[in-house]
Amino acid sequence: MRLKPEAIAVLMWLLVAVGCGSEDHDQAAHCSRPGSDCRLAEAAAEAGVWVGAAIGDPSAPAAQAVVGKHFNSVTAENAMKWHSVAPTVGNYDFTHADAIVELAESRGVRVRGHTLIWRTEQPDDLRSQILAAGDPAGRMHEILAQHIRTEVGRYRGRVAVWDVVNEPLAVAGSQMDNNIFMETLGE
């Protein structure tokens, strides 16, 4: 994962602002006290906010180093997207998504599921299945319901929140994006 210089600057400012950097955390953190020495995740938890990171490869040293230390929430960058967990309709492989959830759980960090439905990440055979159906809208509803039940059910109690529909608006404007979901189901 590469961060833009602006994002790095903001993170560095946040790390300095909350006094991060010390490895001695035996005392209870009181991040709101002037001069306190606590990590970003501790300050966020104390403030009741979520500070997250998108995790692509949970085995990467950077992910291992920062999850739980500086972030109290993680989002699966691509591993939970429909095409990633089901390259074809109904054929699931949760290996990569499971690894992200397991990393978060091992660090006591909340997981945000991203994303159940997205116009650019869907099973390779979705369009052909919809076009071949006698009732395309009915078939789309059936496939969507099954996918959502399967993925959300697998992570029930382990994923705190879900991005259900990602980017429903067209990239260049405020109109609904014209994709297979819009074509089949309408607005």
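## A predicted fold of helices and strands

Along the sequence, the protein runs in the pattern α-α-β-α-β-α-α-β-α-α-β-α. The model is predicted. Its secondary structure comes to 8 helices and 4 strands. The protein has 187 residues, and 36% of them count as buried. Take the contacts between residues at least 6 apart in sequence: 64% of these join residues at least 24 apart.

Cys-38 sits in the loop between helix H1 (5–17) and helix H2 (40–47). Is Cys-38 buried or exposed? Cys-38 is buried, with a relative accessible area of 0%. Lys-69 lies 31 residues away along the chain, and the two C-alpha atoms are separated by 9.8 Å.

Helix H2 follows. Its buried residues are Leu-40, Ala-41, Ala-43 and Ala-44. Seen down the axis of H2, these buried residues fall within an arc of 165°, so they line one face of the helix. Just after H2, Gly-48 takes a positive phi of about 75°.

### Helix H5

Helix H5 covers residues 95–106, which makes 12 residues. From first C-alpha to last, H5 reaches 16 Å, close to the 16 Å expected at 1.5 Å a residue. The buried residues of H5 are Ala-97, Asp-98, Ile-100, Val-101, Leu-103 and Ala-104. They pack against several elements, among them strand E1 (52–55), helix H3 (61–66) and strand E2 (73–76). H4, E3 and H7 are also packing partners of these H5 residues.

Ala-104 belongs to H5. Its relative accessible area is 0%, so Ala-104 is buried, the cut-off being under 20%. Which residues does Ala-104 contact, leaving aside its neighbours within four places in sequence? They are Val-74, Val-109 and Val-111. Val-74 is 30 residues from Ala-104 in sequence, yet the C-alpha atoms are 6.9 Å apart in space.

Just after H5 comes another glycine with a positive phi: Gly-108, at about 70°. Most residues other than glycine have a negative phi, and most peptide bonds are trans.

### Helix H7

Helix H7 has 19 residues, 136–154. At 1.5 Å a residue, H7 should span 27 Å; its end C-alpha atoms are 27 Å apart, which agrees. Which residues of H7 are buried? Met-140, Ile-143, Leu-144, His-147 and Glu-151 are. Seen down the axis of H7, the buried residues fall within an arc of 100°, so they line one face. An α-helix has 3.6 residues a turn, so residues three or four places apart point the same way. On the other side of H7, His-141 and Arg-149 are exposed.

The buried residues of H7 have both helices and strands as packing partners. The helices are H4 (82–85), H6 (126–132) and H8 (180–185). The strands are E3 (110–118) and E4 (161–166).

### Helix H8

Ile-180 has its place in H8. Its relative accessible area is 4%, and Ile-180 is buried. Not counting residues up to four places away in sequence, Ile-180 touches Gln-122, Leu-126, Arg-127, Ile-130 and Met-140. Met-140 is also one of the buried residues of H7. Thr-120 is 60 residues from Ile-180 in sequence, and their C-alpha atoms are 9.9 Å apart in space.

The table sets them side by side.

| Residue pair | Separation in sequence | C-alpha to C-alpha distance |
|---|---|---|
| Cys-38 and Lys-69 | 31 residues | 9.8 Å |
| Ala-104 and Val-74 | 30 residues | 6.9 Å |
| Ile-180 and Thr-120 | 60 residues | 9.9 Å |

### The second largest pocket

The second largest pocket has a volume of about 260 Å³. It is lined by 18 residues. Which of them are closest to its centre? Ile-117, Val-165, Asn-179, Phe-181 and Met-182 are. By class, the lining has 11 nonpolar, 3 polar and 4 charged residues. E3, H7, E4 and H8 each supply at least two residues of this lining. E3, E4 and H8 are also among the elements that the buried residues of H7 pack against.

Methods
Residues are numbered from 1 along each chain as its sequence is written. This is a predicted model: local features need pLDDT of at least 70, side-chain atom pairs count only at pLDDT 80 or more; totals for chains, interfaces and linings use all residues. Side-chain values use heavy atoms; hydrogens and water are left out. The expected span of a helix is 1.5 Å times one less than its number of residues. Buried means under 20% relative accessible area, exposed over 50%, partly exposed in between (1.4 Å probe, protein chains only). The arc is that of the directions from the helix axis to the C-beta atoms. Contact means heavy atoms within 4.5 Å. On a 1 Å grid over the protein atoms alone, a cavity is a set of points where a 1.4 Å probe fits but cannot get out, and a pocket is an open set with protein on both sides within 12 Å along at least five of seven lines; lining residues have an atom within 4 Å of a point. Grid points are joined across faces, edges and corners, and a volume is the space filled by probe spheres set on the points. Ala, Val, Leu, Ile, Met, Phe, Trp, Tyr, Cys and Pro count as nonpolar, Asp, Glu, Lys and Arg as charged, and the others, Gly among them, as polar.
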